[in-house]
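This report describes a chain and an annotated site within it. The sequence and structure follow.

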Amino acid sequence: MKGLVYKSTGSWYSVKAESGTFYDCRIKGKFRMDGIKSTNPVAVGDHVDFDIEKKGDETVGVIKHIDERENYIIRKSVNLSKQTHIIAANIDVAFLLITLNNPPTFTTFIDRFLVTAEAYHIKAVLLFNKIDTYNEDELLEIKFLAALYRKIGYECIGISAITGKNIDKVKALMQDKVTMFSGHSGVGKSTLINALEPGLSLKTSNISEQHLQGQHTTTFAEMFDLSFGGQIIDTPGIKGFGVVEMDKEELGDYFPEFFELKENCKFNNCLHLEEPHCAVKEALENEEVAWSRYKSYLQILEGEEDHFRKDIYEK
Ligand code: GDP
Ligand code: ZN
């Protein structure tokens with residue numbers, strides 16, 4: 001039978017068959033996907049083949065095969081084992097909720113999210129929430145930001161989870177898709193999800209940031225059906241989008257506007273720092289590339305060695 005994994009609790013997986021029935025499944029044997037070794041070979045969002053085995057009165061599913069993943073998000077455990085945990089797979093759209101203040105969302109946070117989405121090959125959409133609360137100046141700032149991100153290819157929608165403004169547009173993007181929501185605590189994730197699907201209360205939004213900081217236990221993602229078609233993935237304990245490991249030369253590829261210019265840089269491994277004839281730096285001077293984006297690029301490049309493969313970083 002074919003099915004979709006809705007929940008994983010370590011060794012058990014809740015799989016929804018095409019018939020709509022849920023089965024508790026286990027895995028048999030070893031699975032190794034994409035060459036990564038993870039604590040959980042099967043993840044929420046995986047499409048699987050499974051068999052039903054009867055043990056007395058009990059029906060148990062056994063997962064035999066995992067379909068190739070379109071994408072997946074991982075996290076490294078914080079303990080010494082540094083094991084990889086696959087949080088979820090086959091995500092169609094990742095939404096980032098943004099507010100100017102209350103709480104503030106800085107462009108560096110937005111850019112980090114976008115870099116990670118690019119690296120994971122997940123479509124990202126920016127939702128500027130609480131537009132019912134902004135004054136004229138703030139609305140101009142939102143307009144400026146939305147124009148900046150639209151120019152480099154990201155869909156941006158100004159919404160209000162309270163008044164319902166443009167919620168239909170978000171719904172249209174979610175229909176028949178697998179989606180997830182990120183953003184700082186307080187940006188309105190649970191209010192929005194409740195506006196989209198009344199009655200659905202996800203843990204994502206209900207865990208306080210403070211609680212998260214002291215959290216060492218693994219929390220498991222879970223998928224929920226939407227009444228208008230599609231699924232939403234709840235990722236409790238996952239703030240933002242995790243960290244992707246990459247080579248330093250790779251980072252610029254995840255800034256789409258840098259990537260487009262890269263072929264005009266003198267050096268094909270240009271890091272867009274102090275190299276001569278760098279097309280990105282030239283575009284920056286001409287204000288074709290936003291300073292805020294370049295600043296984020298530098299911050300990720302210089303600030304966070306966790307993002308980069310150790311051997312490359314130490315060169
Ligand atoms: P979460 O932590 O991201 O889940 O944020 P919540 O959904 O709990 O929202 C935090 C606060 O912002 C609550 O008091 C909400 O009522 C409020 N809020 C959320 N969305 C909006 C909005 O679009 N407009 C206004 N005015 N308030 C909002
Ligand atoms: Zn360059």
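Cys 278 lies in the loop between α7 and α8, in a predicted model where local features need pLDDT of at least 70, side-chain atom pairs count only at pLDDT 80 or more, and totals for chains, interfaces and linings use all residues. Side-chain values use heavy atoms, without hydrogens and water; residues are numbered from 1 along each chain as its sequence is written, while chains are lettered from A and ligands numbered from 1 in the order in which they are written.

Helices (H or I, at least four residues) and strands (E, at least two) are DSSP runs, numbered from the N terminus. His 272 is placed in the loop between α7 (256–261) and α8 (279–285).

The UniProt annotation "binding site", from an unreviewed entry, covers Cys 265, Cys 270, His 272 and Cys 278. Its positions are in the numbering used here, the feature name is shortened, and such annotations may be inferred rather than shown by experiment.

Buried means under 20% relative accessible area, exposed over 50%, partly exposed in between (1.4 Å probe, protein chains only).

| Residue | Relative accessible area | Class |
|---|---|---|
| His 272 | 2% | buried |
| Cys 278 | 3% | buried |

Contact means heavy atoms within 4.5 Å. Leaving aside residues up to four places away in sequence, Cys 278 touches Cys 265, Cys 270 and His 272. With neighbours within four places likewise set aside, the contacts of His 272 include Phe 258, Cys 265, Cys 278 and Tyr 297.

The chain has 10 helices and 13 strands, and buried residues make up 50% of its 315 residues.
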